[in-house]
Amino acid sequence: METDRAIIRLREGNARFEAGDVRAKPINEEFRRQLAEAQKPFACVITCSDSRVAPEIVFDQNLGDLFVVRVAGTVSSDEVTGSVEFAVQQLGVPLVVVMAHANCGAVAAALSGQPISGALAEIIDRLRPFVAPAKEGGHEGRRLEAEVSRRNTRHVIESLMTDSSAIAHAVTKNRVGLHRAYYDPASGHVEWDF
C-alpha cells in the first residue's frame with residue numbers, strides 16, 4: 001500500500017537525520033526547473049511553524065517530496081483542512097501526518113494560563129481545551145507538554161475526518177492514511193502514533 005511505503009520513507013529519512021547522515025539532493029538549476037513543471041509529493045505533513053521543525057529536513061527529503069502545512073501549535077482550522085484537501089484531492093498524497101513537537105511555544109503559552117491578545121489568542125485558545133484533561137492525568141513538565149500535544153494531534157485528525165467529506169472518503173477507501181507524530185528537536189527523533 002502507498003501509505004505504508006510513505007511511512008517507511010519518512011521513518012528511514014528521520015533515522016538518517018537523527019544519525020547525521022542526510023542524503024537529500026543538492027538544489028541546482030536543473031532540479032528547480034523540473035520542480036517548476038509539477039509537484040508530486042508522497043506525503044502531507046501538518047506541523048508547527050516553529051523554525052526548528054522543518055519536515056523536509058527532519059525527514060531528510062527533497063524539495064517537492066512533502067506537501068507541508070504549518071501553523072503555530074499544529075492546531076486545526078478551515079485553512080489547514082482546505083490545504084489537506086488540496087493535497088489529497090489534487091495531488092493524490094497517500095499519507096497525512098500531524099506532527100507536534102517538544103518545547104512548543106504555543107503549547108507552553110496554553111499551559112501558562114496567561115491571557116493572550118490578538119490573533120495569537122485564537123491559536124492558543126484552540127490548545128487550551130487539552131490542558132485540564134492532561135493535568136488530570138497526572139502529567140507534569142515535559143510529559144504534560146507532550147500530553148497536550150498528543151491530545152491536540154488527535155483532535156486535528158478528528159477534525160480532518162469530520163470537517164472534510166473528501167478526506168474522510170479517501171481514508172474510508174484506504175487511499176489515504178492519517179498518522180500522528182511527535183518530534184524532539186534535541187534528539188532529532190520522531191515518535192510515531194504517540
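**Notes on the sheet and its packed helices**

1. Let's start with S149, whose place is in helix α8 (residues 141-163). Helices here are DSSP runs of H or I with at least four residues, strands are runs of E with at least two, and both are numbered from the N terminus. This is a predicted model, in which local features need pLDDT of at least 70, side-chain atom pairs count only at pLDDT 80 or more, and totals for chains, interfaces and linings use all residues. Residues are numbered from 1 along each chain as its sequence is written, and side-chain values use heavy atoms, with hydrogens and water left out.

2. Is S149 buried or exposed? S149 is buried, with a relative accessible area of 4%; buried means under 20%, exposed over 50%, and partly exposed in between, using a 1.4 Å probe and protein chains only. If its neighbours within four places in sequence are set aside, S149 is in contact (heavy atoms within 4.5 Å) with A100, H101, V107, Y182 and F194.

3. Now to the sheet. It is open, has five strands in the order β2-β1-β3-β4-β5, and its pairing is mixed. Two strands count as paired if DSSP finds at least two bridges between them. At the edges are β2 (66-70) and β5 (190-192), each of which pairs on one side only. On average, neighbouring strands of this sheet are turned by 25 degrees against each other, direction ignored. Such angles run from 0 to 180 degrees between N-to-C directions, with axes being lines fitted to C-alpha atoms, for helices over the stretch in contact.

4. Strand β3 (residues 95-101) deserves a look of its own. Seven of its seven residues are buried. L95, V97, M99 and H101 point one way, while V96, V98 and A100 point the other way. Strand β1 (residues 43-47) runs parallel to β3 and is joined to β3 by four bridges, with T47 opposite M99. β3 also pairs with strand β4 (residues 177-183), in the parallel sense over seven bridges, and here M99 stands opposite A181.

5. Where does the antiparallel pairing come in? β4 and β5 pair in that sense over three bridges, and Y182 stands opposite E191 in β5. As for the helices on these strands, α8 packs on the sheet and touches β1, β3 and β4, its direction making about 160 degrees with that of β4. Helix α1 (residues 2-19) lies across β1, β2, β3, β4 and β5, running at about 35 degrees to β3.

6. Helix α4 (residues 78-89) packs with helix α9 (residues 165-172) at an angle of about 45 degrees, and their axes are 9 Å apart. That makes α4 oblique to α9: angles under 35 degrees count as roughly parallel, over 145 as roughly antiparallel, 65 to 115 as roughly perpendicular, and the rest as oblique. T81, V84, E85, V88 and Q89 in α4 meet A166, I167 and A170 in α9. By class, this contact has five nonpolar, two polar and one charged residues; Ala, Val, Leu, Ile, Met, Phe, Trp, Tyr, Cys and Pro count as nonpolar, Asp, Glu, Lys and Arg as charged, and the others, Gly among them, as polar.

7. Finally, a word on α9. A166, I167, A168 and A170 are buried in this helix, and the buried residues of α9 pack against α4 and α8. After α9 comes N174, with a positive phi near 60 degrees.
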